Structure formats: structure tokens, C-alpha cells
Amino acid sequence: MAPSDVEEALALRAEHGDEATVLAGGTFLGILMNQGFLRPSAFLSLGRVTALKGIEVAGGELRLGAMTTHRDVERSEAVRAGWPVLARAFGLVASPRVRNQATVGGVLADADYASDPPAVLAALGARAVLRSPSGEREVAMDELILGYYETCIEPDELLVEVVVPPSPDRATYRKFRSRSSEDRPCVAVAATRDGPAVRVVVGAVSEVPQSFPDLCAQAGATLDAQAARAIAAGYAERIEPMSDARGSAAYRRRVTQVEVRRALEELM
Amino acid sequence: VSAAGLDPRVTGALRYAHDAERPGMLHAALVRSPHAHARVREIDASAVPEGCVVLLGEDVAGDGAYGCQVKDERVLADVARHVGDVVAAVAAPTREQARAAVRAVRVEWEELPAVFDPVEAVAAGAPLLHEAPARSARETVSIDVRPIPGSNVCHRFRIRYGDAATAMAAADVVVEEVFRTPSAAHAPMEPHAALAEWEDGRLTLWTATQTPFNVRADLAGCFGMAEEDVRIVAPPMGGSFGAKTFVRLEAVAAALARKAGRPVKLVLDRAEEFVTLNRHPAVMRIRIGARRDGTLVAKELDCWVDTGAYADCGPGVATKLGYAGVGPYRIPHVRVDSLAVYTNLPPNGAYRGYGATQSVWASERAMDMLAAKLGMSPLELRRMNLLRDGDAFATGEVMHDVHFEECLQAAADAVGYEDDPAGKGLCVLLKGMQTPSRAQIAVERTPIGYVVRCASTEMGQGVRRSLRLMAAEALGCEPGQVEVPDPDTDSSPFDTRTTSSRSTHMMGRALEAAVADLRDGDGERGVGEVFNDGGLDPDTGQGVASSHWHQGAAAAHVTVDEETGVLTVEHLHASVYAGRVVNRPGAELQNEGSMIMGLGAALLESILFADGQVTNANLSDYNVPAAGDLPKRLTHDLIEREGAEVHGLGETALPPVPAAIGNALQSLGLHVTELPITPELVLEAVDRR
């Protein structure tokens, strides 16, 4: 199924639900299918739904269509000007070939723990717009991604857009790779500073991005070296890291402490 | 490199084995074992749609075994010995139909105990993979295997030179360590591909192979045919690095084509590549003893070389790994015991470097450990012990045309080693070439120039261009007037194979002889032949290991983030002895390609297994070096000497890279023994320091 407009896509989604696998850029599904882990009986391809592709700034917010590619986000003048950390984070994903194919909606809907965008979008307070024939709802990143490859998207919903609020004063994204420069992150740290408010989100260490607002609040209004160390130590203690080919749980914990501190130092 | 846009590899005009087509051909797919070790009880193919041809055990019951050094493999396995072992095959009008039909085949299995580690596989009580002890395959590859009956050892190679135990006991300083290297993927862009066709009892295969004549002989034996009734055509390959050596897909494609009565083409996908042929994982225990002044007195090396489910060329790899691990040093007392061991992993075989990568990692890391213990400069320790012209190697052969010191010094100078060795490491390498071997070539005059017929295969290394340049120079014509057709065992003279960086050296000299023959004769056709004689006694390691030595060195400069263990290669340099360069751009690309592949071995690459199942069988989870992973500076030398012989250089710059990087870490007090050197391993070394 290859609908060409959103309404048709939503109707097909509502009709077939999870019987049809939603296909966006196909970079993730392609690997699973090539290895025989996934053999969908039907696809709902969004490739022809041009209305889902696009970058727009409205009311100070950034709106990214679900079918916008990583490369589009990386190269967008509007994103670079208003949300440079987002352009940078999308630009760090894999290789140009992958970024030309992989989409904003796809990377969120597949909910792979080892992806770059979720942590940075969470730190920026982004919301995913989920639409069904009966309406629309907006969910924050921590509501969207529930676990390993698991989201709150209902079988009659499509993720159609991502809305990013006005950029904070300062933001950074540190992608820590333990293998190739084109690898997925081993530890992903996104940090923002808006007035006195500091936010840190750590991705790729466990099934969903990790955030502990109380640790940032405890550190107080002045973000100094001591506060950065305290927050970093708190994150390292609190996260429940997993082990995979990119690093053991113990290693991830150590790197988290270093990378959270370094991210905060960048915001001083 | 030809002008952009004209290179047929760039325009898409080049036809690979992957592109081969024959009228009426079918496409094949393979039924593979999901178990690491399991007996096939029954196969039910009744659900396979009509129009498909299914190849089952009974169809190949009359066929023999094959294997380049040990005949331990059958067209279809009745006992699967690794995940991915082929137990049945299907041919269908399209590849998709063939793959769907494979999913309709039901196999009933009886699972058997499995073993995945070469040290465990030689322990008492380990599950045995092959009931019959290994026996040498005489007709193809001259290696005299020494199996240990009743064990998983299909070959043990020994060097007995002097009295290592006694000398070690008398040494002033002894260093001992165990080093490990994992399995790795060749990852050529083009996967394995073969197309088989039978006509009037003759078998023709268009196949991606570095070894056309070995494949011909092995298939003839397997199918009970005369060698002349098997024809192997070898189109250029989209990369190989050793992956496309000996019989891989050819036997099953041929058996399917025989049953189908039509040509059958078989092309693997990326995941299948990971269960077809990989690099040997190895464990090396090394002891090296020296006098207080740094003079080496003894070396002992025990190697467990994991050849996987089938021997393939594992006996040869264990042999070369064994003597390469001695290193290019004068050591009066040497003992090596190198075992090629069956395990329930996919077969392991030739991989650019051919065992040297594994053992040089161990032996050259041990040299720096020894230097540290002696309080000497690693450069000085090497210098005082390096082989020089006229010295005897541990095989007893006297070394000639020796350039180790020049290579080592050039590498050291490139990174400013003597000015400041901190963060810097060196490695020097000796690597043998296939010995004995034979290369024949024919040069024929045509109305517009010459045609050069030989079985040297093109895999991107540029052998055709080298032959064309050498022929043009010898014949006094333009390179464009020299045609070099695809190797074809019906029309190309015999060549042992295109491996071990031997083609430019061996075939190049055969070509000179062929041109001389043409000149001496009627001017229409000339043939040339060279052979190198030798070989080692597998029980003592004495004899002639190599008629021609590949010599090189590498130097690395690294910095380390000691909070995360991330290592940055600031500068990587390789110095390779070339003698005389034939095709400069090609030679430079060989050096750079080898170094980058060595960087992958050093820092990134490892096939991961869970109960024998590959868990990273794709190029997203298996990381090969990307452009962003290259060192900040990547430089190299091609060392030449006036009037020198042409030296092979297709692999030399690869094996020394991991140890150069490991030794750079050693200079910072960070001791690593395993590859790849991940940030996590470096951080553990920081903690231990």
C-alpha cells in the first residue's frame, strides 16, 4: 500500500492496523528483513505522502514532518539557525547515505534504544504528533518511547509530525561512539540550559532515554564545575545501563559520568 | 587508475561473476542449519512449490568429498557442523521464489553438543566434529597435514630449532603472555557468486574465485571427473581479500544444475557471507627469553587456530601463523606448536595476511613487553636482533634480499620515534609467500598487439593492469595493445592461485620468460613458466618456508582519552619493501588499503557469536572502518632498490598495524592483549596501570 495523501494513509492504517508494517525510510526495516528477523505480510509505505515531508517554523516552534529525512534536518537553514543542536545531532547519524534515507518519524517509531535523535528531542522538550481518523494527540518523548522497540502509537495512529519548542539558551549533544565513527551511539548525552533550568537526557544506555530532573534541580541555579560533577555522578549512579556489543553496563556507567560532566561543562 | 568516467568499474560496464547469465538459468537458495551441531534426521520438501528443483542428500550420495587441504566437506552436510551449514538447496526461476521455497523446507534435527573455542575443542571430552581423522588432499595444495586422531586437531605444525626449553631456562629475562584475536569478516562489496552449467558431461562454472585451478581439481575429485572436463571461468571480483578461495559455492551450484538439467546461479546475501568464510580466531601463548643485553636466546609459541567446522586452508594458516610468529629475528632456539582446530563456528580460511595478523599481534607485542622489562628502547631491541642477509631463520633457511631494518627504520622515522617515543609503537613483519608454487603464462601476437593468457585473477588489486604494464614494457608496445582476458582453465595456462601477494612477483617473471620465448621463436606465441620450490617439514618446521619474503613495518602514534578509553590514531605509517614498483598508483592503493584493513582489525572488527550464531551479520552491527575512522595522518613508503626483484605487496602493510597500535599504548603504560582494542579494553588497561 502506497497512499499519496495523509487521509488515505490514515484510513489504510486504521483498516489494517499492525497487520501492515509502516514503512518510512526503510533503513531499520531493511536490516531486519535482510536478516530474516522480520517478514511483513504487507507494507503501508509513506514514501509518496509528500505532505508528511517538510520543515516549517510556526509560532516560534519547529515542525518536522514525519517523512523528513535526517539529511534534510541536518542541512535545513531554519534548523541550523534556530535549533543548531538538532541539526548537529541528526548530522551525526550513520553516514550520508543512511541520512538521505532515514526519516524523523521512522527513527522515533522504531524506538531503537541506540539512536541519536530521541535523547536530543527529549532534551528540547519535543512532542510527537500522533494522528488517527478520529483525531490527533501530542505526546512527549518519554510518553512516546515505552521500551525496546516499543512506543505508545496505537494501531490506528500514525506519527505524522514532530514539534520542537523554541530553542533553549544553550544546548549540546555529545554522541559517544565506542566503535566506528558511523556507528550508533554507545552513550548519547543531550543537555540544555534555559535561564536557570538545566536538563540532561542520556540516551542509548538503556531501553528508553534517561532523565533525572531532580538531580539537575538539586545542583542549584549556578552551573559550575562542582554542580556538573555532582549531576554527572548522580546520573551515573541512577541509570540502569545495559550491555551490548558497544559496551558493558559498567563501561556505560563510567562513560555516562564523563560525558554528562563534559556536556554540562560545554554549557557553562 | 584510468580517467574518471572511463573506468568500467565506475561506469558499471565491468561484468562480475555476480552479473553472469546463461539462457534458461535458474536461481538457487540454500537450506541452512539453525543449529551449531545437529544431525539431519529427515527433510520434508513436500511443501516446495512445483517448478522448483530441490537438492537433497540422496542426490549427492554418489559424490565425493572436497576440501583444499583436507577432504572433509560434502556437497550437502548430513551433520550440520555450524550455524549456516548447507543441508539442502533449491533452484527456482527467480531468486525470490528460491528463497521462498527454502522457507517451505522442513528439517527435523537431532541436536548434538557443540564447541566454540579452539582451546576447549582440544580438551579431553570435547565434542568431535569429524569422525575420520583428517588426511591430506594431495592433488591441490601441497601441505602434509598432521592430524591428532581422535581429537579436533586437523593439523599441528611444529618448529623444532635448537633447544628452546633449555635456552629459556638459562635466559636472564623471560616474558610470557597470552594474546587473542577474534573472527573477522572479509566484507567484500560483491558477495560470493557462482553460475554452473553442464553440457555433454562437461561442467562449466563462472565463479568469483582467486583459485580457478584449485577449484577445478577439487570439483573434479568431488564429482569423479577428469580435470579437463571441468572448466572454471573467473570474471573479475568486486573484492575478495581471501574470501573467494577454494570451493565455496561451486559444488552445490554444480550439483543443483546437474539435477535441474539447466544452468543454476547462486549469489549469497550479506548475512550468508558471515557463515561462509571468515578469519581464523586464534589464541597465542608466547614466551620469549633474552640475555640482559637484549640478545634474544629463545622463543616458544603455542597457537590454537580455530578453523571452524571444516579445515579449508586452516592447516596452511596454522603453519604460516606459526612461523610468522617467530618474527624476523635471529633466535637460536625456537619451539612452535601451532594447531588447526575444528570448532562449531563457520569455516575460517584465507584472509589478507594469512595468519600473520594473528601471530604478529602476539609476537610483536611481546617484543615491547620484553623491551620494557629490559629497560631498552623497543626500536633498539629489534634492531640488534633483526635478521640480516645470510642469517638463518628458525626454519633453517638462509635469508637473502633482507630489508627488515630499512623498513623498521623508515617507519620509526616517519613518526619521529627516536625524538620522542611516547604514545608511539612499532612493528616489523616477515610474511611468507606460497611455496612451492608454479606460474605459467602465454603471450600471443594479434593483429593489433598481444593477448596475455594467465590464470591470475583480478579482485581489485590491479593484477591485470600490472600484467599489461609489464607486458607492454617487455614487448615494446603500448599498454592499450595488450589484452588480458578473464582467467579460463580451458585456455589459461596453469597457475597455483592468486594469493599470498605472489602474482606480480611470480607471474611477472613468467611473463618475462614468455616474452623471451616469443622473441626466440616465431614471434607469434611464447610461453613462460616459473616455479618456486620448497616447503616445510610439518614435524620440525625445517625446510624452505618461502622462496620470497614479504617485509614491512608499521609505526603508530596514538593519544588516549584516559577517562573513556577512546584511542585516537594521530599518525599511522607503513613501510613496505617493494624492490621495484611496477604499477605505482596500484601499489600505493595496496598499501593504503592494507593499512585501513589493519586499522579495522586493530580497533573495530569482530564477528560476535552467541551459541555459534553470528549476532552481527550485517554491516550496521559489524563495523568496518569508515572514512571518519581513518588516522589523522595515514602515510606509507614503498622501499625500492636499483635493479631489485619485484616484490609482492598486496598484504604486507596489514598485519603490522594492530601491534604498532598496541605497542603505542604500551609506551603509555597501557597493556592490551586482545583485538580489537576497544575503548573499554583501553580503560581497563588504564585502571590496571
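Author: Before we start, a helix here is a DSSP run of H or I with at least four residues, a strand is a run of E with at least two, and both are numbered from the N terminus. Also, keep in mind that this is a predicted model.

Reader: Where in chain B does B:Phe246 lie?
Author: B:Phe246 isn't a glycine, yet its phi has a positive value, near 60°. As for its place, look at the loop between strand S11 (230-233) and helix H6 (250-260) of chain B.

Reader: Which residue does a cis peptide bond join to B:Thr435?
Author: Go to the loop between strand S16 (424-431) and strand S17 (437-446) of chain B, where you'll find a proline. Omega of the bond is about 0°, and the partner of B:Thr435 is B:Pro436.

Reader: Now the two chains: which three residues supply more than any other three of the area that chain A buries against chain B?
Author: Contact involves 23 residues of chain A and 22 of chain B. Between them about 1,800 Å² is buried, with carbon and sulfur atoms giving 46% of that. On chain A's part, 28% comes from A:Arg179, A:Tyr251 and A:Arg254.

Reader: Which side chain meets B:Glu563 in a salt bridge?
Author: Chain A and chain B have 5 salt bridges between them. In this one, N to O is 2.8 Å, and the partner of B:Glu563 is A:Arg262.

Reader: Which helix gives the largest share of the side of chain A that touches chain B?
Author: There are 12 residue pairs in polar contact between the chains, both residues being at pLDDT 80 or more. On chain A's side, H2 and helix H12 (249-266) each supply at least two residues. The largest share is 6 residues, and it belongs to H12(A).

Reader: How many charged residues are on that side of chain A, the one that touches chain B?
Author: Split by class, that side has 5 nonpolar and 7 polar residues. The charged ones number 11.

Reader: Last one: which element gives the largest share of the lining of the second largest pocket?
Author: That pocket has a volume of about 1,200 Å³. Of its 34 lining residues, the closest to the centre are A:Gln35, A:Gly36, A:Arg39, B:Arg32 and B:Asp269. By class, the lining has 19 nonpolar, 6 polar and 9 charged residues. The largest share, 5 residues, comes from H2(B).

Note on methods: Residues numbered from 1 in each chain as written. Chains lettered and ligands numbered in written order. Predicted model: local features only at pLDDT ≥ 70, side-chain atom pairs only at ≥ 80, totals over all residues. Heavy atoms only, no water. 1 Å grid on protein atoms, 1.4 Å probe; cavity = no way out; pocket = protein on both sides within 12 Å on 5 of 7 lines; lining within 4 Å. Points joined across faces, edges and corners; volume = space filled by probe spheres on them. Nonpolar A, V, L, I, M, F, W, Y, C, P; charged D, E, K, R; others polar. Contact = heavy atoms within 4.5 Å. Buried area = accessible area lost by both parts, 1.4 Å probe. Salt bridge = Lys/Arg side-chain N within 4 Å of Asp/Glu carboxyl O. Polar contact = N/O pair within 3.5 Å; in protein donor to acceptor, adjacent residues only side chain to side chain.
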